[in-house]
Amino acid sequence: MPTVRSVIDAGLTQLSGGRFVMGADDRRRDERPAHPVRLAPFRAAERPVTNEQYAEFVAQTGAAPPPFWSQQGFGIPQAPVVGVSWHEAVAYCAWLSQQTGVLLRLPTEAEREYAARGGLDAADWPERTRDWPEDAIRSQVAAAEYPHVPLEVCRNGFGLYCMADNVHEWCTDWYDRRYYAASPEFAPTGPPAGARRASRGGSWRHRIKFTRVSARSSLSPDYRYNDYGFRVYADAE
């Protein structure tokens, strides 16, 4: 069993923040309008939280285990944990913060998009090529029938794994498809209330496994789906 410092030791990548254009005017309606956003520096885990890491949380706190662990392919130690509600992801971050002394949290939707872009502006994918998802070297991902252990080929320009594939990742924001029209420029945190929490990233379960870096998704914070996981973030050191 890994120690509670496993997430920290595995690497929180320092991201410089700054100004970027969030959203896309020529994509889905909830990605409009494209608008400038400024972020303070922050840190993001290289990988989503794994089954192995989450198992330690379950063992030490008595939290309910994810409902899919008993199914084939869903308990691979180094693959992302799924079937974790938004509330459970927040609880994990709070628990790990206490154990490590590092204040860990879910990202804002703006931080998640900035991190997914990997330093590229006006790009649909973590690499500047429109055929990135269909690249033959990613055939293993395209054929996935459950969450996969992150692959080097799925790293983006910031060194973060699986920002456009594998599992949806919870964000801290409430979701509102019209929010971008009223979003502040500095460090937006989403609307004050809502029914669904924002999420980002691709899904092993979908027919198309890869999701554009500006594409938005959402889910009730109580739900536990087999393609929903999360990644830990932190403010800059």
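**Note on the predicted model**

1. Buried residues account for 57% of the 237 residues in the protein chain. The model is a predicted one. Its secondary structure amounts to five helices and 10 strands.

2. On overall dimensions, the C-alpha trace of the protein chain spans about 45 × 40 × 30 Å along its principal axes. The radius of gyration is 17 Å, which agrees with the value near 18 Å that a compact globule of 237 residues would have. The protein chain exposes about 10,500 Å², and carbon and sulfur atoms supply 52% of that area.

3. On the contact pattern, consider the contacts in the protein chain with a separation of 6 or more: 74% of them come from residues 24 or more positions apart.

4. An open sheet is formed by four strands in the order β1-β4-β10-β5, with antiparallel pairing. The pairing of β1 with strand β4 (residues 42-45) is antiparallel and runs over four bridges.

5. Threonine 13 illustrates the β1-β4 pairing at residue level. This residue belongs to strand β1, and its bridge partner in β4 is alanine 44. Beyond its neighbours within four places in sequence, threonine 13 is in contact with Phe42, Arg43, Ala44, Glu46, Phe158 and Leu160. Threonine 13 counts as buried because its relative accessible area is 15%, where the cut-off is under 20%.

6. Helix α4 (residues 109-117) is mostly covered, with nine of its nine residues buried. An α-helix has 3.6 residues a turn, so residues three or four places apart point the same way. Glycine 118 follows α4 and has a positive phi, near 60 degrees.

7. Is glutamate 52 buried, partly exposed or exposed? Glutamate 52 lies in helix α2 (residues 51-61) and counts as partly exposed because its relative accessibility is 27%. Its side chain makes a polar contact with the side chain of glutamine 78, at 2.3 Å. From C-alpha to C-alpha, glutamate 52 and phenylalanine 186 are 36 Å apart in space, and they are 134 residues apart in sequence.

How values were computed: Residues are numbered from 1 along each chain as its sequence is written. This is a predicted model: local features need pLDDT of at least 70, side-chain atom pairs count only at pLDDT 80 or more; totals for chains, interfaces and linings use all residues. Side-chain values use heavy atoms; hydrogens and water are left out. Helices (H or I, at least four residues) and strands (E, at least two) are DSSP runs, numbered from the N terminus. Buried means under 20% relative accessible area, exposed over 50%, partly exposed in between (1.4 Å probe, protein chains only). A polar contact is a pair of N or O atoms within 3.5 Å; within protein, one must be able to donate a hydrogen and the other to accept it, and residues adjacent in sequence count only if both atoms are side-chain atoms. Two strands pair if DSSP finds at least two bridges between them. Contact means heavy atoms within 4.5 Å. The radius of gyration is taken over C-alpha atoms; the globule rule is 2.2 Å times the number of residues to the power 0.38. Accessible areas come from the Shrake-Rupley method with a 1.4 Å probe; for residues, only the protein chains shown count as cover.
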